[in-house]
Amino acid sequence: MAWERETDDGATDPATGLTPLLDRRWSSRVFDPAHELTDGDLTALLHAARWAPSAGNSQPWAFLVGRRDDPTHRAFVELLSRGNAFWAPRASALLITLHRTASEPGSEFLYSEYAQYDLGQAAAHLTVQAQSMGLAVHQFAGFDHDRVATVFGVPDHWRVTTAIAVGRPAPVESIEGLEPSLAIRERQVRRRNPLSDFVFDGRFGQSAAWTVRHELPGDGTTG
Ligand SMILES: Cc1cc2nc3c(=O)[nH]c(=O)nc-3n(C[C@H](O)[C@H](O)[C@H](O)COP(=O)(O)O)c2cc1C
């Protein structure tokens, strides 16, 4: 059983009806720096992405995978934003996500209007798969996208999109010398806008009445 954070998010209210896989998910910034992902772990995670639905089954995704301290990982770590460089390198693997923008190099024809949506969905499936395996995922976009494209030879009909840190979550006390700001953020209560802010019926902007009746402790200003 993997370590789990104790902070009580509103999501843990049984009234949400969330599956524990989603209820217990959060974007950890504290990863066990000794944990390694096996080929089998990575294979399962990427099959989860592979089996995501996509518009017309276009599967417009690709992943560049680096395991801690391998050449892909080392090259990518150099390109992280300052904020992400504090925590992301400790994860067992960093995956760079890409979506396909055109059918072939130099082509002006859009590959799929929904490519970015589909990649996001594949990433979400990977995240849930990771949670089921006792792993944590933290998606992030703070890195030099242009340099990633150059360093890894990404052709012009693919776009570097985000990155995904995967590893075994660890308690903040387990990492010696952990940056204090990371420890604070790791323990922060997670917040979401209430359903009534974004679930409508009749017309856009009109909250569905049943959402108002189901406001929960975790509802509130996003923090
Ligand atoms: C597209 C995208 C980009 C993100 N970029 C960053 C980032 O650069 N650094 C970071 O620490 N977190 C990043 N995040 C994580 C979000 O901040 C996080 O998911 C959000 O605050 C909600 O927290 P939770 O996932 O723990 O519920 C990103 C998430 C997504 C989906």
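Modeller: The radius of gyration is taken over C-alpha atoms, and the globule rule is 2.2 Å times the number of residues to the power 0.38. For the 223 residues here, a compact globule would have a value near 17 Å; the protein has 19 Å, which agrees. This is a predicted model: local features need pLDDT of at least 70, side-chain atom pairs count only at pLDDT 80 or more, and totals for chains, interfaces and linings use all residues. Residues are numbered from 1 along each chain as its sequence is written.

Biologist: What box do the C-alpha atoms fill?

Modeller: Along the principal axes, the box is roughly 50 × 50 × 30 Å.

Biologist: How many helices and strands are there?

Modeller: The protein has eight helices and four strands. Both are DSSP runs numbered from the N terminus, with at least four residues (H or I) for a helix and at least two (E) for a strand. Along the sequence, the pattern reads α-α-β-α-α-β-α-β-α-β-α-α.

Biologist: And which domains are assigned?

Modeller: The assignment gives domain 1 (10–171 + 182–190) and domain 2 (191–223). Such bounds come from an automatic or database domain assignment. The C-alpha centres of domain 1 and domain 2 lie 28 Å apart.

Biologist: Turning to the ligand, which residues are around it?

Modeller: They are Trp-26, Ser-27, Gly-83, Asn-84, Gln-139, Phe-140, Ala-141, Gly-142, Thr-162 and Arg-190. A residue counts as near a molecule or strand if its C-beta atom, placed from the backbone, lies within 6 Å of it.

Biologist: Which elements each supply at least two residues of that shell?

Modeller: Helix H4 (82–85) and strand E3 (136–140) do.

Biologist: What is the shell like by class?

Modeller: It has three nonpolar, six polar and one charged residues. Here Ala, Val, Leu, Ile, Met, Phe, Trp, Tyr, Cys and Pro count as nonpolar, Asp, Glu, Lys and Arg as charged, and the others, Gly among them, as polar.

Biologist: A change of topic: what is the phi of Asn-57?

Modeller: It is near 55 degrees, a positive value in a residue other than glycine. Asn-57 lies in the loop between helix H2 (39–50) and strand E1 (61–67).

Biologist: Is Asn-57 buried or exposed?

Modeller: Asn-57 is exposed, because 7 other C-beta atoms lie within 10 Å. The cut-offs within 10 Å of a residue's own C-beta atom are 20 or more others for buried, 12 or fewer for exposed, and partly exposed in between, with C-beta atoms placed from the backbone.

Biologist: And where does Asp-69 lie?

Modeller: Asp-69 is in the loop between E1 and helix H3 (71–77). Its phi is positive, about 75 degrees, although Asp-69 is not a glycine. Asp-69 is exposed, with 10 other C-beta atoms within 10 Å.
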